[in-house]
Amino acid sequence: AAAPHLRQGQLYLDLNSCSPGKKVKAAKVVEDSSAVRYVDVAVMDTVPGRGHKVPMLLAGEAAEVAAENLRAFGMNVEVVGDTVGQASTIKMARSVFMKGIEAILCESLVAADRAGVADRVLASIQSTFPDIDWRALATYHMGRMAVHGKRRAIEMDSVADTLRDLGLEPSTALGTRDRQMWVAELGLRDRFIDGGPETLEEFLEAVSEKTGSPASH
């Protein structure tokens, strides 16, 4: 849609979170129909609190030129290659872990909550990995799932496409997609979009109310 409006000398920076295959196709459309050079960009962290200084990876033949321009504005960019798709591949592979750990925590803690043993399960995880504050981490990420679960689930479809292109069955990615969408479809977004949950229990209680599956006591 943008290609007909682009002018010679411009750079087209694609920040969409999608598979490298889609970035390659988009680059062809842009460069075949305009005199613009396409740059694959991957946003590698949450934007709130970081703004334009959020870490971003760049790839493509014009990536170095783009990076030079962006650094002039104090932006945090790193060139990872001269081939479109390299930046998005890093993001997609990372998302298997980042979105997956959210899904794992959610599934584990919702199940434990229904059995009335959430505190014990969390304490056990804490004792195994003592250098991480698991309660704080879970509280933060459950809130992110509640607000952004649908977008995360859609991203996991692109992650799955990436893994298939690399010859790997996307078992974890698809499971993560389903759990992220499950949370999204509970309709918790409006409840937590302005901040929170303040505690993990607040999230678990909200899930319990929506699913009609109260915790066992």
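Is tyrosine 38 buried or exposed, and what is its relative accessible area? In this predicted model, where local features need pLDDT of at least 70, side-chain atom pairs count only at pLDDT 80 or more, and totals for chains, interfaces and linings use all residues, tyrosine 38 is buried, at a relative accessible area of 1%. Here buried stands for under 20% relative accessible area, exposed for over 50%, and partly exposed for what lies in between (1.4 Å probe, protein chains only). Residues are numbered from 1 along each chain as its sequence is written, and side-chain values use heavy atoms, with hydrogens and water left out.

Searching the whole structure gives 2 aromatic pairs, a pair being rings of Phe, Tyr and Trp (its six-membered ring) with centres within 6.5 Å; planes under 30 degrees apart are stacked, over 60 edge-to-face and the rest tilted. Tyrosine 12 and tyrosine 38 are stacked because their planes meet at 20°, with ring centres 5.9 Å apart. This pair joins distant parts of the chain, 26 residues apart: tyrosine 12 belongs to strand S1 (residues 11–14) and tyrosine 38 to strand S2 (residues 37–43). Strands (E, at least two residues) and helices (H or I, at least four) are DSSP runs, numbered from the N terminus. Tyrosine 12 is partly exposed, at 25% relative accessibility.

Phenylalanine 129 and tryptophan 134 make a tilted pair, with 5.9 Å between centres and 55° between planes. Phenylalanine 129 is partly exposed at 47%, whereas tryptophan 134 is buried at 8%.

Turning to helix H6 (residues 171–184), its buried residues are Ala173, Leu174, Thr176, Gln180 and Val183.
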